[in-house]
Amino acid sequence: MSMQMHGHPGANVAARSPYSGFVRKRPDWLDEGVDADLAARLRADLLATRYTVDRLLQLWGDDADAALARGDRVPARRALRGSSDPAARLARLLLLGEAAGAAGDAGVDSADSTVDAALEAALPTLGAAGARALGLIDAEGRASLDLRPSAAIDAAGPVDWLIASDLGETALGGPLPPEHVLGVGGASITLSGLIPTSPVGSVLDLGTGCGIQALHAARHATRVVATDLSARALELAALTLALNGVTSVELRRGDLYAPVAGERFDRIISNPPFVITPRVEGVPVYEYRDGGRVGDALVEEVIRGAAAHLVPGGTAHLLANWEYRDAMAGDGLARVRRWAAEAGLEAWVVERERQTPAQYAATWIRDGGTRIGTPEYERLAEAWLDDFAARGVTAVGFGYVLLRRPAGGAGPTAPTAPRLLRAEVLGSPLGAGSSGIGDHLLACLAAHDRIAALDDAALAALRLTVAPDVTEERHYWPGDEGPTVIRLRQGGGFARTVDADAALAGLVGACDGDLPVGTIASALADLLEVDEGALRAQLLPQVRELVLTGFLLPGD
Ligand SMILES: C[S@@+](CC[C@H](N)C(=O)[O-])C[C@H]1O[C@@H](n2cnc3c(N)ncnc32)[C@H](O)[C@@H]1O
């Protein structure tokens with residue numbers, strides 16, 4: 001089943017409001033836990049007002065929604081001005097960053113347009129005192145954090161969530177503070193799509209941030225442990241979970257796997273703080289993206305560490321960065337594959353993008369809110385390029401890592417079943433249902449298990465079926481009878497394309513589950529008047545690849 005995310009109103013966008021940290025206001029919050037009564041009252045208000053992605057989209061329209069996603073809140077603010085809809089009032093306060101009781105707050109007449117009266121009107125169950133006690137509103141009546149709806153659809157159906165995170169750059173009017181807790185961003189949505197939706201016992205969400213992946217995981221798992229190094233992230237995750245009535249997630253604080261020492265999980269999910277940052281004075285360290293290691297050592301640690309925290313057969317689903325280093329130190333994808341192999345894990349690594357050191361430095365310096373061309377930018381870019389030069393880094397790859405602890409266990413004593421260690425570059429856009437990649441990859445793993453141990457004779461005896469999302473394209477020179485190009489195209493998954501000759505296209509076309517592959521190959525050799533042995537030697541490795549990548553289904 002595919003999972004499809006369908007909406008997050010913009011990035012973290014809110015008003016010009018001084019950064020006022022929850023942590024400073026409520027230092028013991030984590031130990032005490034979120035105030036359940038206040039959170040329940042806030043939840044009641046948000047549910048009663050239909051503070052959902054669909055409702056806000058109806059209120060402000062597609063154009064304003066797209067502007068919000070670019071960090072521009074003006075069109076949404078204009079669309080909601082004067083609206084008496086309770087969801088509009090909440091969006092102005094909690095998402096667009098206007099002060100409670102600001103001009104144009106319909107439903108609050110001038111006589112009671114004080115901050116408290118406006119808060120009572122917007123949040124009747126929580127009330128003004130409750131909003132302050134929860135740390136939601138600052139002294140000026142502005143939101144101290146970003147609270148927005150988020151929507152998703154997965155195998156369990158559609159869901160509307162409420163996500164608490166820190167105010168973004170627009171709200172702060174400048175660069176983010178180092179302890180900033182991210183809301184739901186592009187990378188979060190990518191990872192959500194990588195998480196399988198099959199039911200599972202236990203899940204570890206490593207680096208939970210605002211808690212978005214834990215919410216996804218809780219839909220399919222009996223038990224979720226979500227960790228983070230940042231106390232503030234855990235506070236916001238606790239609020240997120242409480243606002244969504246989710247009680248099956250346990251929050252723990254600590255560095256990487258330290259909070260789960262000695263524990264194993266069926267599934268690990270992580271959008272880890274993988275951003276490569278120079279370790280020199282004067283370069284800001286953003287906790288939300290930077291786990292405090294040199295180069296890509298954090299990714300290496302997360303990958304190697306998974307072996308000790310997965311049950312046999314358990315899988316890990318990660319986003320990551322990897323460095324390509326000079327000729328001596330090696331190719332980036334090969335390094336990732338080696339980390340997994342040395343830990344006794346199977347791996348499927350997909351590189352989606354590769355940047356030069358200069359592009360990488362620009363991406364992450366700008367992400368921190370520093371504009372290109374400024375003296376500060378140039379100082380930071382020098383530091384980034386020095387850091388890359390020191391390790392001979394020539395490029396940085398971005399992508400997905402799927403790991404599996406072999407069913408027989410990990411490590412040197414594990415049985416020697418054929419293990420999957422695949423690394424590939426796939427830069428093209430994903431297929432339809434692109435956010436259901438996690439389920440697609442698990443199906444590919446199952447296909448691997450089905451065929452990895454088969455020799456060619458056993459493979460030739462399989463009766464295969466073409467996957468329902470596979471189509472064939474044929475291109476002809478004008479006037480020619482035969483095609484010059486035949487291409488097999490996958491509609492879902494990674495939307496792979498495979499160039500085929502007449503024999504491969506004929507074989508795939510004949511795979512309806514009726515005849516064994518070997519019988520089809522023999523018939524094709526006759527038809528095409530070619531040597532049967534040579535044709536089988538060509539086709540069987542191609543069939544293996546098509547089964548592994550989901551074009552051909554092996555059945556049970
Ligand atoms: C990129 S954010 C991911 C947030 C969220 N899971 C998502 O998908 O949107 C990485 C998270 O890792 C946390 N983090 C940073 N360094 C860490 C460390 N050494 N150990 C554990 N978590 C860390 C950050 O606080 C942040 O919340």
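Modeller: Helices (H or I, at least four residues) and strands (E, at least two) are DSSP runs, numbered from the N terminus. This is a predicted model: local features need pLDDT of at least 70, side-chain atom pairs count only at pLDDT 80 or more, and totals for chains, interfaces and linings use all residues. Residues are numbered from 1 along each chain as its sequence is written, and side-chain values use heavy atoms, with hydrogens and water left out.

Biologist: In which strand is the place of Ala500?

Modeller: Look at residues 497–500. They form a strand, and Ala500 belongs to it. That element is strand 15.

Biologist: Is Ala500 buried or exposed?

Modeller: Buried means under 20% relative accessible area, exposed over 50%, partly exposed in between (1.4 Å probe, protein chains only). Ala500 has a relative accessible area of 12%. Ala500 is therefore buried.

Biologist: Which residues does Ala500 touch, not counting those up to four places away in sequence?

Modeller: Contact means heavy atoms within 4.5 Å. With residues up to four places away set aside, Ala500 touches Ile486, Leu488 and Ala505.

Biologist: What separates the C-alpha atoms of Ala500 and Arg474?

Modeller: Along the chain, these two residues are 26 residues apart.

Biologist: What share of the residues of the chain count as buried?

Modeller: The chain has 21 helices and 16 strands. It holds 556 residues. The share that counts as buried is 54%.

Biologist: Why is strand 3 largely enclosed by the rest of the structure?

Modeller: Strand 3 spans residues 157–165, nine residues in total. It is largely enclosed because the number of its residues that are buried is seven.

Biologist: Which residue of strand 3 is the bridge partner of Pro149?

Modeller: Two strands pair if DSSP finds at least two bridges between them. Strand 2 (residues 146–154) and strand 3 run antiparallel, joined by nine bridges. A hairpin links them through two residues. In strand 3, Pro149 has as its bridge partner Leu162.

Biologist: How do helix 4 and helix 6 lie to each other: roughly parallel or roughly perpendicular?

Modeller: Axes are lines fitted to C-alpha atoms, for helices over the stretch in contact, and angles run from 0 to 180 degrees between N-to-C directions. Angles under 35 degrees count as roughly parallel, over 145 as roughly antiparallel, 65 to 115 as roughly perpendicular and the rest as oblique. The axes of helix 4 (residues 53–69) and helix 6 (residues 86–94) come within 10 Å and cross at roughly 90°. The two helices are therefore roughly perpendicular.

Biologist: Which residues of helix 6 make the contact?

Modeller: Helix 4 brings Arg55, Leu56, Leu59 and Trp60. From helix 6 come Ala87, Ala88 and Ala91.
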